[in-house]
Amino acid sequence: MSGWTTIWVLFVAVCIGAIVWNTAPKGPNQELIRWSVALGLACCYMMWACVYLAQLHPLIQPKRSDVRFFD
């Protein structure tokens with residue numbers, strides 16, 4: 001796994017957003033549907049990217065509990 005996965009998922013999210021933006025049903029709620037989908041995709045992507053990158057590069061290294069250190 002690498003950081004490039006976040007770029008690929010961003011590309012997929014942008015493509016899905018563009019498809020929905022262009023195919024939203026005509027009517028009085030067309031802009032509401034467009035912006036709701038765009039905002040939903042953006043929020044889901046940001047949450048996923050933060051969690052994925054936090055697992056990929058943790059700030060704190062895990063410590064083994066089965067190793068005894070002698071001072």
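Helices (H or I, at least four residues) and strands (E, at least two) are DSSP runs, numbered from the N terminus. The model treated here is predicted: local features need pLDDT of at least 70, side-chain atom pairs count only at pLDDT 80 or more, and totals for chains, interfaces and linings use all residues. Residues are numbered from 1 along each chain as its sequence is written, and side-chain values use heavy atoms, with hydrogens and water left out.

**Exercise 1. Determine where Thr6 lies, whether Thr6 is buried or exposed, and which residues Thr6 touches.**

Step 1. Thr6 belongs to helix α1, which covers residues 4-23.

Step 2. The relative accessible area of Thr6 is 7%. Buried means under 20%, exposed over 50%, and partly exposed in between (1.4 Å probe, protein chains only); Thr6 is therefore buried.

Step 3. Leaving aside residues up to four places away in sequence, Thr6 touches Tyr45, Trp48, Tyr52 and Leu53, where contact means heavy atoms within 4.5 Å.

**Exercise 2. Locate Met46 and relate its position to that of Thr6.**

Step 1. Met46 is placed in helix α2.

Step 2. With a relative accessible area of 49%, Met46 is partly exposed.

Step 3. In sequence, 40 residues separate Met46 and Thr6, while their C-alpha atoms are 9.7 Å apart in space.

**Exercise 3. Describe the largest pocket and its lining.**

Step 1. On a 1 Å grid over the protein atoms alone, a pocket is an open set of points where a 1.4 Å probe fits, with protein on both sides within 12 Å along at least five of seven lines; lining residues have an atom within 4 Å of a point.

Step 2. The lining comprises 13 residues, of which Ala13, Val14, Ala38, Leu41 and Ala42 are the closest to the centre.

Step 3. Two or more lining residues come from each of α1 and α2 (30-56). Helix α2 gives the most, with 7 residues.

**Exercise 4. Characterise the overall form of the protein chain.**

Step 1. The protein chain has 2 helices and 0 strands.

Step 2. Its radius of gyration, taken over C-alpha atoms, is 20 Å, whereas a compact globule of 71 residues would have one near 11 Å (the globule rule is 2.2 Å times the number of residues to the power 0.38).

Step 3. The C-alpha trace spans about 75 × 20 × 15 Å along its principal axes.

Step 4. Of the 71 residues in the protein chain, 11% are buried.

Note on methods
Points joined across faces, edges and corners; volume = space filled by probe spheres on them.
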